[in-house]
Amino acid sequence: LKPGEVGIGRMISDATALDLDGKPHRLGEAMGAKGLVIVMTSATCPLSKRYLHGVAKEQEKLAAQGFGPLLVNPFASESADEIKPQLAEHGITATYLLDKEKSVSATLSAQSTTEVFLIDPKRTLIYRGALDDQFGINYILEAPRHRYLDDAIAALLAGEKPAIEATAAPG
């Protein structure tokens, strides 16, 4: 896919969704000094659940690098009672939005519960794709061979554009 075909370079509007306690949050509130990383997730998607361990490790690193980590669940059928134990099990403390109205999901044009979005401080979409290549449909690697989000962040911090091949999401 060409970057422009998946929204790379477009401005992301400031959508709002509720956290797991019913409190509204705007995307702009989650923005760190260097930008925002949004991870689409689900309490029931097997692939999304496999990535929770990696997301837990990334949240601290992202915050230390100046990025606001934000998790977004687009399913109205999933509940806070179902999600909170999974987050606690993995030590995930990042803000988690239950996007039942799909305002954030629609703003991002999200298509998968494993998509990751990197947005710069001016709210420009810089990267859209996979966290890494460890899990996919019909495969599991012992460890990732490519860490796409890390590469995109390194490029952003260096003032460069992320590699085009890193814009493909698994499954």
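**Pockets, cavities and core**

Q: How much space lies in the largest pocket?
A: About 200 Å³. This is a predicted model, where local features need pLDDT of at least 70, side-chain atom pairs count only at pLDDT 80 or more, and totals for chains, interfaces and linings use all residues. Residues are numbered from 1 along each chain as its sequence is written, and side-chain values use heavy atoms, with hydrogens and water left out.

Q: What's the rule for pockets and cavities?
A: Both come from a 1 Å grid over the protein atoms alone. A cavity is a set of points where a 1.4 Å probe fits but cannot get out. A pocket is an open set with protein on both sides within 12 Å along at least five of seven lines. Lining residues have an atom within 4 Å of a point. Points are joined across faces, edges and corners, and a volume is the space filled by probe spheres set on the points.

Q: Which residues lie nearest the centre of the largest pocket?
A: G54, K57, D132, Q134 and R147, out of 16 lining residues.

Q: Which element gives the largest share of that pocket lining?
A: α3, with five residues. Both α3 and α6 (148-157) supply at least two each. Helices (H or I, at least four residues) and strands (E, at least two) are DSSP runs, numbered from the N terminus.

Q: What classes of residue line the largest pocket?
A: Six nonpolar, three polar and seven charged. Ala, Val, Leu, Ile, Met, Phe, Trp, Tyr, Cys and Pro count as nonpolar, Asp, Glu, Lys and Arg as charged, and the others, Gly among them, as polar.

Q: What lines the largest cavity?
A: Its lining includes V39, Y51, L52, L71 and L131. β3 and α3 are the elements that give two or more residues. By class, the lining has eight nonpolar, four polar and no charged residues.

Q: And the second largest cavity, what lines that?
A: Among others, V39, V55, E58, L71 and L131. The largest share, four residues, comes from α3. The classes are seven nonpolar, one polar and one charged.

Q: Switching topic. How many residues has the largest nonpolar core?
A: It has 32, and V37, L71, L118 and L149 have the most contacts inside it. The largest share of this core, five residues, comes from α6. A core is a set of buried Ala, Val, Leu, Ile, Met, Phe, Trp, Tyr and Cys residues joined through side-chain atoms within 4.5 Å. Buried means under 20% relative accessible area, exposed over 50%, partly exposed in between (1.4 Å probe, protein chains only).

Q: What about Q86, buried or exposed?
A: Buried, because its relative accessible area is 16%. Q86 lies in helix α4.

Q: Last topic: how many aromatic pairs does the structure hold?
A: One. Y51 and F135 pair edge-to-face, 5.1 Å centre to centre, with 90 degrees between the planes. Rings of Phe, Tyr and Trp (its six-membered ring) pair if their centres lie within 6.5 Å; planes under 30 degrees apart count as stacked, over 60 as edge-to-face and the rest as tilted.

Q: Where are Y51 and F135 in the chain?
A: Y51 is in the loop between α2 (46-50) and α3 (52-65), and F135 is in strand β8 (residues 135-136). They are 84 residues apart. Both are buried.
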